[in-house]
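Subject: Structure handover

Hello,

The structure is below, with the sequence. My notes on it follow.

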Amino acid sequence: MQKKFNLVICIMLMISISFMYSKPVHAEEKVFVAGNEQSFFEILSYQATVHNEKIVINYYGDIEELFDYETDSKKIMDIIIKKIFNTNNPYIINDFDYLYNNYKNCKMSYATNGKSTTFTLQMAYNTTTKQENNIKTQVHAYLKDKKIHKLSDYQKIKATHDFVIKNTSYDQTYSKYTAYNALVQKSAVCQGYTLLMYYMLDELNVPARIITGTANEGAHSWLIVKLNNYWYNVDPTWDDPILSKEDKNYVSYAYFLKTNVEMTSHIRNEEYNTKEFNKSYPMAKTSYKESMDKGYKSADTLLYYKPVTSLTASTNTLNLEKGQSESLGIKRVPSDSTDNRIYYLSSDTSVAVVNNKGVVVGKKSGNTVVYAYTPTGITKAISIKVK
């Protein structure tokens, strides 16, 4: 599906300042903060994961870390989108290829006041939050009930391949292309097949990528999966022939764990056939046979993600003398969250600075705000006054 990239760049000139802050954000809007490129894209990626349709983020880092703002708008949007969907956060389920193949379009605007840059992204998705929650509930229940997570990686791949095929019929109206369509409505085109299988493998910690390209000259998508350090092609759509209802449980393995040589009808798009991509995902030279399964499994538990819901600090305001240092005493809630990373930034480093352990040092008289924040966007603001 062709992506639609639109970019609206809001720029207001002010004498010697390149950009001027535009219309202020509405008081009720959630505004995220980020101080470096990594946390900026982690927050955007997670907010896309939870289907946030409007993402507003104040960026306090160097904008040229993100892109060259003199680049034309189309290229800037391409850079932003690719970085959002290439942020593979191991603590978050169904990011990476799932997100990239499950959004409609994105519009972005940005403006700066000289100290920070405010980015606003308007995201449109192919599924609703309710539908995504439904997918998560049903997939998790099935994997847990059948104890799929206890199997070897080969058996996990086979089980998810078979489940998708038995559960889904090919949509000959060519209008259903999400994992929700495949799982709940039980009908989808190739994109729905691959998204659902990718979703299940992701929760099982089995490495996989979605490949797009053509098959018999028609647009198509399939997967590559990793077994014993090599990658294999899997096409659940082509392994699900259009048969009569009496044969609905029939499963083919003609396109299961095959090499590129064995699938010459499948032609990858250029981005999946570069020297760099092929080096990162070395394809096997021979197809995988069940007899090769030695019981290896990358994990024997389902991937559960328990996010941070809030951050607490020892104080909401902090008074310092110049040169004085003090810890913010930041703690995560809940304390057993699966991702324990916390970032820190000062909105005015000339007044006070903060290190990566949450220790603030006063620099000169004035007021500033120090933020503690997580890769998911949970933020705690502490007012700093330096005498």
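**Helix packing**

Helix 5 passes helix 7 in a right-handed crossing; a crossing is called right-handed if the near helix is turned clockwise from the far one by less than a right angle, and left-handed if anticlockwise. Helices (H or I, at least four residues) and strands (E, at least two) are DSSP runs, numbered from the N terminus. This is a predicted model, in which local features need pLDDT of at least 70 and side-chain atom pairs count only at pLDDT 80 or more, while totals for chains, interfaces and linings use all residues. Residues are numbered from 1 along each chain as its sequence is written, and side-chain values use heavy atoms, with hydrogens and water left out.

Helix 5 covers residues 153-167 and helix 7 covers residues 190-203; they pack at about 145 degrees with axes 10 Å apart. Axes are lines fitted to C-alpha atoms, for helices over the stretch in contact, and angles run from 0 to 180 degrees between N-to-C directions. From helix 5, K156, I157, T160, H161, F163 and V164 meet Y193, L196, M197, M200 and L201 of helix 7. Contact here means heavy atoms within 4.5 Å. Sorted by class, the residues of this contact are eight nonpolar, two polar and one charged. Ala, Val, Leu, Ile, Met, Phe, Trp, Tyr, Cys and Pro count as nonpolar, Asp, Glu, Lys and Arg as charged, and the others, Gly among them, as polar.

**Overall figures**

The protein has eight helices and 21 strands. It has 387 residues, of which 49% are buried (under 20% relative accessible area with a 1.4 Å probe, protein chains only; exposed is over 50%, partly exposed in between). Of the contacts between residues at least 6 apart in sequence, 65% join residues at least 24 apart.

**Strand 5 and its partners**

Strand 5 (residues 117-125) has seven of its nine residues buried, so it is largely enclosed by the rest of the structure. Strand 3 (residues 54-59) pairs with strand 5 in the antiparallel sense over six bridges, and V56 stands opposite T120. Two strands pair if DSSP finds at least two bridges between them. Strand 4 (residues 103-112) is also antiparallel to strand 5, over nine bridges, with C106 opposite M123. Strands 4 and 5 form a hairpin with four residues between them, and G114 in the turn has a positive phi of about 100 degrees.

Within it, strand 20 (residues 366-373) and strand 21 (residues 379-386) are antiparallel over eight bridges; T368 has I384 as its bridge partner.

The other open sheet has three strands in the order 15-19-18, with antiparallel pairing. Strand 15 (325-327) and strand 18 (352-354) are its edges, each with a single partner strand, so one side of each is without a neighbour. The twist averages 20 degrees from one strand to the next. Strands 18 and 19 (the latter residues 359-362) pair over three bridges, with V360 as the bridge partner of V354.

Regards
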